[in-house]
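Let's take a look at a protein model together. Have the sequence and the 3D view ready, and we'll go through a few spots.

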Amino acid sequence: MGKGISRTAMWILMGLLILGLAGFGAVNLSGNIRSIGTVGDKSVSVDQYARQLAQEIRAIEQQTGQQLPFTQVQAIGLDRAVLQRIVRARALDHESSQIGLSIGDVALREEILEIGSFQGLDGSFDREGYASALRQSGLTEAEFEVTLREEASRALLQSAILGGITMPPAYAETLVNFVGEQRSFTWSTLDAEALDAPLEAPSAEALTTYYEENSALFMLPATKRITYVVLSPDNLLDTIEIPQEQLRAEYDARIDQFVQPERRLVERLVFADQDSADQAAATLEVQGTTFEALVDERGLELSDIDLGDVNRLELDAAGEAVFNAEAGEVVGPLPSELGPALFRVNGVLGAQSVSFEDAAQTLREEMASDAAVRAVEARAQEYDDQLAGGVTLEQIAEETEMELGTIDWTAETDEGLAAYAGFREAAATLTADDFPQIAQLDDGSIFAVRLDESQEERLATFEEATDDVTAALQAERTVEALTAKATALVPTLGAEGAFEAAGLDAIIETDQTRRAFISDVPADFLTQVFDMAEGDVTVLPHDESVVIVRLDAITPASASDESNALRARLETDMNSALAQDLFNIYNDDILRDAGQEIDLRAVQAVHVNFP
């Protein structure tokens, strides 16, 4: 095991040396500073930290396709994560040296000989290539071999700690049973219509008491009162006139859209030569094979031979025969640019001709809409200059086509102007210090906003909340009354058919798992059901109704292929997680014992070399 782990470590290390040092090589990043600190008796070298940090930065840049500035590297804590990883690794190196764990010279030599980067064209070890690669990486042979020994020792130590760590089988078995268990149950809903008599309206005193005891239910969200002006292209449509000659020119430019010849939906099966095409056609006629079978014999799919909808001219010499065929017919062999072919007609699209007179209104609306958008855009700069010059929103609304309005905006508001994402974004960041500026919406409208008043989340007054208080209190009383009625029925509902006998609409669910979806029930409905014992009947409140449920049967998890695969996956994942947790605890402990000293000035000296 140690040899395999060591070999893997060697390859990883060489990848780091060859790729990671591309920008650093033998450069001493911080003058005479060669170490950024120590962990126990192990030094943390400048090059090691710079190399691994550069590698992490490049990995993120390759994933995102964008350069990662070092300020952002520090903002996301990448530099600290790399340093912590190195420190923890050096703690393992310190512990390995303390207990005398290492690999012998023979094992070290074998590992070096098997590293592909050090092999010549004939596959044998290249002594000069070995030395050259290390020089380019800024390492001496002694330094490299020490690094290899430490990597191997670290891998051996880790495998010793992680090896043989397993969770008790009962743990995975319990989880599989938990997930795979099933329940069969009968349930029904009682709503306000099931009450013997309508509830009385609550008194003013009851409403006031409920409001005071449940004030958290009647909080108003943070609100901004915003004054705005807006100009939509629709506001200018009536002012837009499209000359007849422009309409005619647009119609002529789009004539292919309004006047289309008859078209066919066609498939074309091409053959290498005329004899092959003739033989295939004869097979269709004499032996009764199908067009699909011919396609399949060629190793093709129907999608491979589909031409889509084509006109007569697009088929060249085959056009006349294809366009004389009915839907479903196969014609040919006929010539094509790829060789003789069979053509199948799948559908006929009739000719279409829309006259200028019939198209004029549609063209007028489209062109007027485009012109209105351009007209709004043309006004945007002028209006923005006016606002910058001190003109108020009220004044600009009075003097221009812009419309004035106000809105009490919250994060939940999505009506009117707040239906536009651009307005919501502007409203969310708007402050009292912001001056109105023209901005554009997705539909070409322009707008400007001003914050008049801002209110934090607050309790609505009783007068503001009266309707909500009444509804909430009535709902609570309805649930209480329904719960009392349902609870009285519970003793009678234990037997099969009892729901129906009690006049309830029984809904029967069979072999449902915890992950099943049951509509129109409380959010924790299935959790409650799986906590019940077989034969139990319970009542669960839900909005302005209650749910009565009886557990009919408990089905244990079956020993299916799916559950066995889940059990195996859980055992693997849990064993790995436990081993990693134990190793992290061990790593933390030896790091505390070894102690660490990091020179932050040396670390900063490395950082200044990154753009």
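## Two helices that pack

Before we start, a quick word on axes: an axis here is a line fitted to C-alpha atoms, for helices over the stretch in contact, and the angle between two of them runs from 0 to 180 degrees between N-to-C directions. Keep in mind that this is a predicted model.

Now find helix α2, residues 46-64, and helix α23, residues 600-607: they pack at an angle of about 50°, and their axes are 10 Å apart. Angles from 65 to 115 degrees would count as roughly perpendicular and those under 35 as roughly parallel, so α2 and α23 are oblique to each other. The crossing of α2 past α23 is right-handed.

Who does the touching? On the α2 side, the contact is made by Val46, Tyr49, Ala50 and Leu53, and on the α23 side by Val603, Val606 and His607. Sort these contact residues by type and you get six nonpolar, one polar and no charged.

## A cis peptide bond

Most peptide bonds are trans. Gly332 and Pro333, though, are joined by a cis one, with omega of about 10°. You'll find Pro333 in strand β9, which covers residues 330-334.

Most residues other than glycine have a negative phi. Asp511 isn't a glycine, yet its phi is positive, about 50°. Asp511 sits in strand β16, residues 507-512, and counts as partly exposed because its relative accessibility is 36%.

Asp520 also isn't a glycine, and its phi is positive at about 60°. Look for Asp520 in the loop between β16 and α21 (525-530). Is Asp520 buried or exposed? At 61% relative accessibility, Asp520 counts as exposed.

Note on methods:
Residues are numbered from 1 along each chain as its sequence is written. This is a predicted model: local features need pLDDT of at least 70, side-chain atom pairs count only at pLDDT 80 or more; totals for chains, interfaces and linings use all residues. Side-chain values use heavy atoms; hydrogens and water are left out. Helices (H or I, at least four residues) and strands (E, at least two) are DSSP runs, numbered from the N terminus. Angles under 35 degrees count as roughly parallel, over 145 as roughly antiparallel, 65 to 115 as roughly perpendicular and the rest as oblique. A crossing is left-handed if the near helix is turned anticlockwise from the far one by less than a right angle, and right-handed if clockwise. Contact means heavy atoms within 4.5 Å. Ala, Val, Leu, Ile, Met, Phe, Trp, Tyr, Cys and Pro count as nonpolar, Asp, Glu, Lys and Arg as charged, and the others, Gly among them, as polar. Buried means under 20% relative accessible area, exposed over 50%, partly exposed in between (1.4 Å probe, protein chains only).
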